Amino acid sequence: MPDNLLIVESPSKATTLKKFLGDDFHILASYGHVRDLEAKEGAVDPDINFGMRYKLIERNEKHLKNIIKAALQSQVIYLATDPDREGEAIAWHLSQILSEKKVLNSSKLYRVVFYEITKSAVTDAVNNPRTVSMDLVNAQQARRALDHLVGFNLSPLLWKKVGRNLSAGRVQSPALRLIVEREQEIENFDEKEYWSIHFSCIQKEKKLEAKLFKLNGTKLEQFSIINKDQQTKVVDDIIKSTGLRVTVSEVVERPKSRKPVAPFITSTLQQEGIRKLGFSARETMSVAQQLYEGIQIDNESVGLISYMRTDSVNLSKEALNDIRQHIMKNFSKHYLPEEPIIYKGKSKNAQEAHEAVRPTLIERTPKAIKSYLNPRQLALYELIWKRTVACQMTNAKYNITSIDFGAPDKNTTFRTTGQTLVFDGFTAIYQESNKSDSTDDAILPKLQEGDTIKIEKIYGLQHHTQPPPRFGEASLVKTLEDYGIGRPSTYATIITTLQDRGYAVLDKKRFIPTDVGRLVNGFLLSHFDKYLEYDFTAKLEEDLDAISNGEQMWTDVMSNF
């Protein structure tokens, strides 16, 4: 038996680490959490300073026995669980169990953390161990206790008042409220009619279209023309006054540039995985976990990306240097900014802030490792790789041209706008899926002020206002993030729980609340509205962050709750 025991969460990660650490290390997996709160009322007792009663998780007991057996024969034990609150809590639980089993009498116990599974990151972590961070552990315990207290106090009421097998969750319930309220907005929506006026013609062999912007000296608003009779009169008056001829009254050209987007954090990775690849939030995280833990390449398990649960947009100096070297070698100098681009994220939680989701080695291009990945792994890896390279490239540059046409003079004006790409910059490699300039990318004919053109027709288009769209997975994740509800590691679970409980269904990739979901939401809003308030839930998340940063006592947060 080797002198050193290193404990990780996942068995596939253990395989990858073995080749870095060699025969001096015995590596075992805990298979996730080893203890959890007892599934009964009173497992968290507010009367004794929120004392918690834990029990071993049955399915992982055999793995725990193997760990205890190996620990008894080891000189040094390294707790190398994941680098987040949950991982810190697992490390603490393991240390508690090993202590209770009197395993640690002759062993030294250390906590090691690495954010990517590469030889340098792993050996550096083992060479620079620390103790378990009780601030992170207490933040996780507070979250778990809060969830337990909410569940065990509200769920039995739901069983009694609404129906069996229902549950209320601290974060799940506000997410359900978002879906139900959006559905109510759609049902209460009052559709309104409005019209826009346009002209079209062929000018210098290019199709030219423009929209009425100003009528008799007044700028048009959405509801300036609200019915067919009104639009007919406007069209007839303009035809009469212009004789189907308009004059170019103003040509404005201005440069526009678009900055690259920040590297991926968990929420943006999920959103792009959903939009671009058609994955679910859970599937995105599952495939990312495979890439993080290690893929077999030439008979070696290689960790391809950094840790995928993060709300940090930071990149290490080494990563920045590698990305810049890659751009320099593979693109012209115009694609490389003079200095690395530094992004600022929303996270206030400095202690947990590590790197963005990025490839562990930028030279490991998607093309180079295509044969080692299945289609889903390749698609997600390519998305992460491209986004990471693009975030350190120069801006995309455009020329925006706006042309106004007097009809017959400036008091009544048609306007058209076109865009031409001057320099593609970062878009040479990556375009964010929700960025679209399609309305402005028409190529316009060269015209000058004073030019008179003959138009073929002037016509009205009927429109109706649209209700707000139902949430899809991507937009729900973004809204939860915007409100500060939940954290990177919880978004996929929230979405799955809402469907598993039968509170919402995905129809054409959009969430529709079920009757049960509406009933539960209505009941909770009627009697426990404070717990469903978005600000209240977000404030609790901030309190948990403050605990993990050592700024608040976890028992104080629990007492206030």
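In which strand is Arg35 found? Arg35 is found in β3, which spans residues 35-37. The model is predicted, so local features are given only at pLDDT of at least 70 and side-chain atom pairs only at pLDDT 80 or more, while totals for chains, interfaces and linings use all residues. Residues are numbered from 1 along each chain as its sequence is written, and side-chain values use heavy atoms, with hydrogens and water left out. Strands here are DSSP runs of E with at least two residues, helices are runs of H or I with at least four residues, and both are numbered from the N terminus.

Arg35 counts as buried because its relative accessibility is 11%. Buried means under 20% relative accessible area, exposed means over 50%, and partly exposed lies in between, with a 1.4 Å probe and protein chains only. Leaving out residues up to four places away in sequence, Arg35 touches Tyr54, Lys55, Leu56, Ile57, Trp92, His93, Gln96, Ile97 and Glu100. Contact means heavy atoms within 4.5 Å. Between the C-alpha atoms of Arg35 and Lys276 there are 38 Å, and the two residues are 241 residues apart along the chain.

Gln203 is another buried residue, at 16% relative accessibility. Gln203 belongs to strand β9 (residues 193-203). With neighbours within four places in sequence left aside, the contacts of Gln203 are Leu208, Pro445, Leu447 and Ile453.

The next topic is the nonpolar interior. A nonpolar core is a set of buried Ala, Val, Leu, Ile, Met, Phe, Trp, Tyr and Cys residues joined through side-chain atoms within 4.5 Å. The largest such core has 98 residues, and those with the most contacts inside it are Leu6, Leu17, Phe114, Leu304, Ile305, Leu380 and Leu524. Helix α12 (residues 375-390) supplies the largest share of this core, 8 residues. Another core lies apart from it and has 39 residues, among them Ile7, Leu28, Val132 and Ile547. For Phe114, residues up to four places away not being counted, the touching residues are Lys13, Leu17, Ala80, Pro83, Ala121, Val122, Ala125 and Tyr292.

Helix packing comes next. Two packed helices are described by the angle between their axes and the distance between the axes. The axes are lines fitted to C-alpha atoms, for helices over the stretch in contact, and the angles run from 0 to 180 degrees between N-to-C directions. Helix α8 (residues 266-277) packs with helix α9 (residues 281-293) at an angle of about 110 degrees, and their axes are 9 Å apart. The two helices are therefore roughly perpendicular to each other. Angles of 65 to 115 degrees count as roughly perpendicular, under 35 as roughly parallel, over 145 as roughly antiparallel, and the rest as oblique. The crossing of α8 and α9 is right-handed, a term for a near helix turned clockwise from the far one by less than a right angle, with anticlockwise giving left-handed. On the α8 side the contact is made by Thr266, Leu269, Gln270, Gly273 and Ile274, and on the α9 side by Ala281, Thr284, Met285 and Ala288. These contact residues divide into 5 nonpolar, 4 polar and no charged. Ala, Val, Leu, Ile, Met, Phe, Trp, Tyr, Cys and Pro count as nonpolar, Asp, Glu, Lys and Arg as charged, and the others, Gly among them, as polar.

A second pair is formed by helix α6 (residues 172-187) and helix α14 (residues 491-500), whose axes come within 10 Å and cross at roughly 70 degrees. That angle makes α6 roughly perpendicular to α14. This crossing of α6 and α14 is right-handed. In α6, Gln172, Ala175, Leu176 and Ile179 meet Ile494, Thr497 and Leu498 of α14. The contact between α6 and α14 has 5 nonpolar residues, 2 polar and no charged.

Helix α13 (residues 473-483) has as its buried residues Glu473, Ala474, Leu476, Val477, Thr479, Leu480 and Glu481. These buried residues pack against α6, α8, α9, α14, β19 (504-507) and β20 (510-513). After α13 comes Gly484, with a positive phi near 80 degrees.

Asn49 is not a glycine, yet its phi is positive, about 55 degrees. The loop that holds Asn49 runs between β4 (44-45) and β5 (51-52), and Asn49 counts as exposed because its relative accessibility is 56%. Asn216, also a residue other than glycine, has a positive phi near 50 degrees. Asn216 sits in the loop between β10 (206-215) and β11 (218-219), and at 62% relative accessibility Asn216 counts as exposed. Ala407 and Pro408 are joined by a cis peptide bond, with omega about 5 degrees. Pro408 lies in the loop between β15 (396-406) and β16 (413-423).
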